[in-house]
Amino acid sequence: MRWRSVCLSILAVFLVTEVQTRLVRNHVSSICSTWGREHFKTFDGDVYQFPGLCEYNLVSDCHELYQEFSVHLKRTEQDGKPTVSYVLVTVNDLYFHITKTRVVVNSELVTLPYYQGGVQVEKNAVYTKLQAKVGFTVMWNGDDAVMVEIDNDYVNRTCGLCGDFNGFPVFNEFMHNGRKISPIEFGNKHKAHRPNDDCEDPYEEEELLQTKTVDESCKEFRTPCEQMLITESWSSCIKLIDPEVYIQACVLDMCGCSNSSDDFCVCSTLSEFSRQCSHAGGQPPNWRSPQFCDKQCPYNMVFEESGSPCMDTCTHQDTSSLCEEHKIDGCFCPPGTVFDDISMRGCIDKSDCQCKHINIYDAGEVYRQDTEECTCFEGRWICVSLQRRALCSVEEGSHFTTFDGKAYTFHGDCYYTLAKVERKDDMSPKFTILAQLVPCAHQQFDTCLKTLKVLVNNDRNNVS
């Protein structure tokens with residue numbers, strides 16, 4: 001018996017560990033991303049810079065006669081800062097044009113959340129998210145960063161700025177006919193040619209000149225970038241992700257910034273390193289402050305670098321415990337609260353959640369319907385059955401109606417039990433109701449009710 005208990009304990013620990021491992025597994029190898037002024041990370045782990053401002057194929061299913069999906073994007077500059085102006089997603093016969101302020105599907109403006117043809121589009125305080133059943137997810141922060149996560153079914157089947165997803169860095173993406181090609185040449189190959197589009201490709205010659213001068217002129221920025229990324233607070237991330245490529249991206253950001261005191265010079269790359277840490281199963285620190293790379297959230301939500309995307313709400317209070325999606329950055333409710341998705345009051349205590357049944361009811365309010373009385377408690381209805389009077393009847397000596405409303409006709413010549421009730425507690429009597437039916441005096445073929453007796457506690461001496 002003792003061994004059985006030990007085995008069951010080990011099995012329970014194993015199952016919990018297996019679930020936790022599944023929930024925090026490393027997703028980095030199935031994620032492609034772009035951020036900042038010109039940074040890209042392929043599915044296979046290459047990080048490179050491509051400054052193109054045209055529309056480009058970020059990732060597509062390229063190895064079938066029929067293309068299941070494609071994701072395009074276009075960057076632009078606003079006030080000297082880069083931003084993604086739109087994202088285009090095609091899934092079979094659906095065409096999504098996503099901008100900062102609206103979503104258009106097949107030339108028709110739609111409201112979010114939107115679901116059709118196996119594609120769901122929704123928006124939270126930070127991201128616009130498109131998830132397709134064919135096996136990929138696109139997330140855009142409405143500014144400079146776009147992420148695409150893809151199923152393993154597409155291994156070695158993709159093309160675009162995200163690469164071929166074959167598991168080998170450099171190979172195929174930056175190799176052409178046996179020679180290594182530059183990031184700009186690679187990026188230009190994936191330009192989406194649109195009618196009347198006069199957008200010009202970046203010049204490869206400029207890249208060669210810039211590379212020679214960047215190394216010398218940007219050395220001064222390496223130390224501050226290392227001080228921001230290689231610290232004890234980032235230790236769980238550094239164990240999972242090599243910070244070197246992000247240090248180099250940080251150096252390029254600071255070097256290319258006209259105003260080195262501008263937060264954006266480093267915020268975008270720090271944010272990406274933080275996101276990649278979450279994808280890898282690490283726990284990035286809350287490195288922002290009101291004075292540095294601050295993020296504002298609506299209502300009374302707080303920004304976290306790594307939290308569950310499945311938010312508990314008044315109507316769905318167990319969402320986070322059932323969530324299998326990996327953690328992301330975003331706006332979340334403080335611990336111990338849930339989001340009020342009924343009256344949209346922000347994050348509240350569960351005890352303050354309202355309930356909805358046609359109308360909205362505050363906590364503690366009562367709703368009555370038929371045989372139930374329901375009280376709103378922590379966003380859920382607690383209902384009890386109401387006792388109601390039931391009627392049994394005998395009419396004209398032969399027409400009966402039961403407590404449940406069933407009507408029938410019966411002719412008899414004897415005493416019959418109409419009802420027998422057992423005591424419901426020590427204070428209540430039990431009783432039996434008897435009815436005597438006899439043939440009617442003036443109607444030979446009919447019966448009449450002659451006598452009605454009530455026996456209390458089955459005592460025949462106590463008859464009324």
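**Close-up 1. Lys191 pairs with Asp201 in a salt bridge, with 3.7 Å between the closest N and O atoms.** A salt bridge here is a side-chain nitrogen of Lys or Arg within 4 Å of a carboxyl oxygen of Asp or Glu. Both partners sit in the loop between α2 (183-188) and α3 (204-217), ten residues apart. Helices are DSSP runs of H or I with at least four residues, strands are runs of E with at least two, and both are numbered from the N terminus. Lys191 has 15% relative accessibility and so counts as buried, while Asp201, at 30%, counts as partly exposed. (Buried is under 20% relative accessible area, exposed is over 50%, and partly exposed is in between, using a 1.4 Å probe and protein chains only.) Keep in mind that this is a predicted model, where local features need pLDDT of at least 70, side-chain atom pairs count only at pLDDT 80 or more, and totals for chains, interfaces and linings use all residues. Residues are numbered from 1 along each chain as its sequence is written, and side-chain values use heavy atoms, with hydrogens and water left out.

**Close-up 2. Arg37 and Glu77 form a salt bridge, their closest N and O atoms 3.5 Å apart.** Arg37 is in the loop between β1 (31-35) and β2 (39-41) and Glu77 is in strand β5 (residues 69-78), so the pair ties together parts 40 residues apart in sequence. Arg37 comes out as partly exposed because its relative accessibility is 25%. Glu77 is at 42%, so it counts as partly exposed too.

**Close-up 3. Helices α6 (residues 244-256) and α7 (residues 264-279) cross at roughly 165 degrees, with their axes coming within 8 Å.** The axes are lines fitted to C-alpha atoms over the stretch in contact, and angles run from 0 to 180 degrees between N-to-C directions. The two helices are therefore roughly antiparallel, a label used for angles over 145 degrees. On the α6 side, Tyr246, Ala249, Cys250, Asp253 and Met254 meet α7 residues including Phe273 and Gln276; contact means heavy atoms within 4.5 Å.

**Close-up 4. Within α7, the side chains of Glu272 and Arg275 meet in a salt bridge (2.9 Å, N to O).** The two are three residues apart, about one turn of the helix. Both Glu272 and Arg275 are buried. Glu272 also turns up in the contact with α6.

**Close-up 5. Asp61, Glu68 and Arg157 are linked in a salt-bridge network.**

Key: Angles under 35 degrees count as roughly parallel, over 145 as roughly antiparallel, 65 to 115 as roughly perpendicular and the rest as oblique.
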